[in-house]
Amino acid sequence: MVDPRNDLTKQARTGSITAIIQLLNEDLAAIGVRARAVRDSDLLQLLCEAETVEQLEQSTLVERIRQILEFIGPRDIRRVKINSRLVREQQLLWLQEINRDPENQLLWCEEIKLARRNSFIGLLADLKEGQTASIKQPLPKPSPSPIIRHRRQLRRGMMAGVVMSGSLLLVGWGFYKWFGPKQADSTPVTPNAFIDASLQTSQPDAAGDPFAAAVRIAEQASAEGRTAQTPAQWLEIATRWQKASDLMAQVSSDDKRYQTAQNRKVLYRKNSEAALQELEKRRS
């Protein structure tokens, strides 16, 4: 779409008085000045009107009008006579009025000569306006062929599969971390440090005796630790050692085996941690 202001500027450059006045008034409206114009041979007669004398300050207004007209560069117009007065009712024959009695009709008048518009700058401005006017809406992109659509759908399906697989792995890892055996902070112990529970002094396996139950579970974990190969087997061993440690912690402080139970509680827990380390080694 053509910018209306660019089209108006083009008309003003051809010498259209209507276009020149419209551009001047668009700019001068900011300071409360209204302009009218008549072409008198090669002279452009301008009448500038405002409500107050301050708005028509001569040097400021003249320079402003000069800059606007030299930017436009109207064809065949080199001289401009600027006339100013306080605003009056519309007068169609205002030029005849001010020519007849300029002293009483005008505040001041001044004739200026416009500098010739630099041809190179003018050419650049015309080209810029032409480019702005020739901007078109972007053409709609052609719809992809069925083969391209199929490839895109396949690519999206593969990405969805990767995301789903990653999600399942994360869920599985979280489930193991949440429900799996907990590791306590302690100095790592290797499987070689497992104590042979069969050499420990055992007490009668009385009903409700946590010490005896812990010794029995420790014996099983120790035996299984000699032949374990798979991660699942090491997980079972770690669980047994941890269970034995928990049972030792249940021994009452008034039991004569209390101090032994406290030592073995720590020892069994370290064995459980060592079994978990073996599990990680088998996985890697």
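Guide: What follows takes the chain as a whole, then the sheet, then the helices.
Guide: This is a predicted model, in which local features need pLDDT of at least 70, side-chain atom pairs count only at pLDDT 80 or more, and totals for chains, interfaces and linings use all residues. Residues are numbered from 1 along each chain as its sequence is written, and side-chain values use heavy atoms, with hydrogens and water left out.

Visitor: What makes up the secondary structure of the chain?
Guide: The chain has 10 helices and 4 strands. These are DSSP runs, numbered from the N terminus: helices are H or I with at least four residues, strands are E with at least two. In sequence order the pattern reads α-α-β-β-α-β-α-α-β-α-α-α-α-α.

Visitor: How much of the chain is buried?
Guide: Of the 284 residues, 31% are buried. Buried means under 20% relative accessible area, exposed means over 50%, and partly exposed lies in between, with a 1.4 Å probe and protein chains only.

Visitor: What is the strand order in the sheet?
Guide: The open sheet has 4 strands in the order β1-β2-β3-β4, with mixed pairing. Its edge strands are β1 (34–40) and β4 (108–113), since each pairs on one side only. From one strand to the next, the twist averages 20 degrees.

Visitor: How do you know that β1 and β2 pair?
Guide: Two strands pair if DSSP finds at least two bridges between them. β1 and β2 (residues 43–50) have 7 bridges, in the antiparallel sense. Therefore they count as paired.

Visitor: Which strands does helix α2 touch?
Guide: Helix α2 (residues 17–28) packs on the sheet and touches β1 and β2. Contact means heavy atoms within 4.5 Å. The direction of α2 makes about 155 degrees with that of β1. Angles run from 0 to 180 degrees between N-to-C directions, and axes are lines fitted to C-alpha atoms, for helices over the stretch in contact. Helix α3 (residues 58–72) lies across β2, β3 (79–86) and β4, at about 35 degrees to β4.

Visitor: Why is Ser222 called buried?
Guide: Ser222 lies in helix α8 (residues 210–225). Its relative accessible area is 7%, so it falls under the cut-off and counts as buried.

Visitor: And why is Ser245 called buried?
Guide: Ser245 sits in helix α9 (residues 231–249). Its relative accessibility is 3%, so Ser245 is buried too. Leaving aside neighbours within four places in sequence, Ser245 is in contact with Lys265, Tyr268 and Arg269.

Visitor: What is the handedness of the crossing of α8 and α10?
Guide: That crossing is left-handed. The label applies if the near helix is turned anticlockwise from the far one by less than a right angle; clockwise gives right-handed. α8 and α10 (residues 258–283) pack at about 35 degrees, with axes 12 Å apart.

Visitor: Which residues meet there?
Guide: Phe211, Ala214, Val215 and Ala218 in α8 meet Thr260, Ala261, Arg264 and Tyr268 in α10. They divide into 6 nonpolar, 1 polar and 1 charged. Ala, Val, Leu, Ile, Met, Phe, Trp, Tyr, Cys and Pro count as nonpolar; Asp, Glu, Lys and Arg as charged; the others, Gly among them, as polar. Therefore Thr260 is the polar one and Arg264 the charged one.
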